[in-house]
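Here are my notes on this model. Please read them with the structure open.

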Amino acid sequence: MKIFLSTLMVLAFIGAVFMMTRGESSAPVADGNNVSFEGEKQIVDLTARGGYSPEKSIAKAGIPTILRFTTNGLFDCSSFVRIPAMSVSKSLVSSGTTDIDLGIPEVGILRGSCGMGMYPFEINFQN
C-alpha cells in the first residue's frame, strides 16, 4: 500500500511539474477576438486564473486602451498584476472585472506578469 501511494504521489508531482513548465509554443495566442471597442476606447480582454489567457494579444497603437481582466474565483498569484514599464502593480478582484487604463500606447510590446513573475502576458501594439 505504501508503494502504491508513493508511486501515485510521484506521478502527481511529475504531472504538476509538466503543467507548470510547458513550453512557449503551447501558450494561447490571441487572434484578435479579445480586442473590442467601447466608444473611442480599445478594450483588451484577458482572463486571469492560473495565468493569463491569452498570453499574447495584438492591439492597435495610438488608441486609448483599457486592459480588462476577468476573474472567477481567483485565488492564485495571478490575482496580482505587474506591468513594470508603466509602474503598474494592481490586485484583481477575486470574481468580476478589473480595468487598467493603459493610456495611448505607442507601437511596441507591453509585457506584464503576476506578482511573482510566474505568469507572463504581452500585448503587441501595432499600427
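1. Gln-42 sits in strand β2. Strands here are DSSP runs (E, at least two residues), numbered from the N terminus. The model is predicted: local features need pLDDT of at least 70, side-chain atom pairs need 80 or more, and totals for chains, interfaces and linings use all residues. Residues are numbered from 1 along each chain as its sequence is written, and side-chain values use heavy atoms, without hydrogens and water.

2. Gln-42 has a relative accessible area of 1%, so Gln-42 is buried (under 20%; exposed is over 50%, partly exposed in between; 1.4 Å probe, protein chains only).

3. Tyr-52, Phe-69 and Phe-121 are linked into a cluster by ring pairs. Rings of Phe, Tyr and Trp (its six-membered ring) pair with centres within 6.5 Å; planes under 30 degrees apart are stacked, over 60 edge-to-face, the rest tilted. The count is three aromatic pairs. Tyr-52 and Phe-69 are edge-to-face, at 5.6 Å and 65°. Tyr-52 is in strand β3 and Phe-69 in strand β5, 17 residues apart.

4. Both Tyr-52 and Phe-69 are buried. Tyr-52 and Phe-121 are also edge-to-face, because their planes stand at 70°, with centres 5.1 Å apart.

Note on methods
Helices (H or I, at least four residues) and strands (E, at least two) are DSSP runs, numbered from the N terminus.
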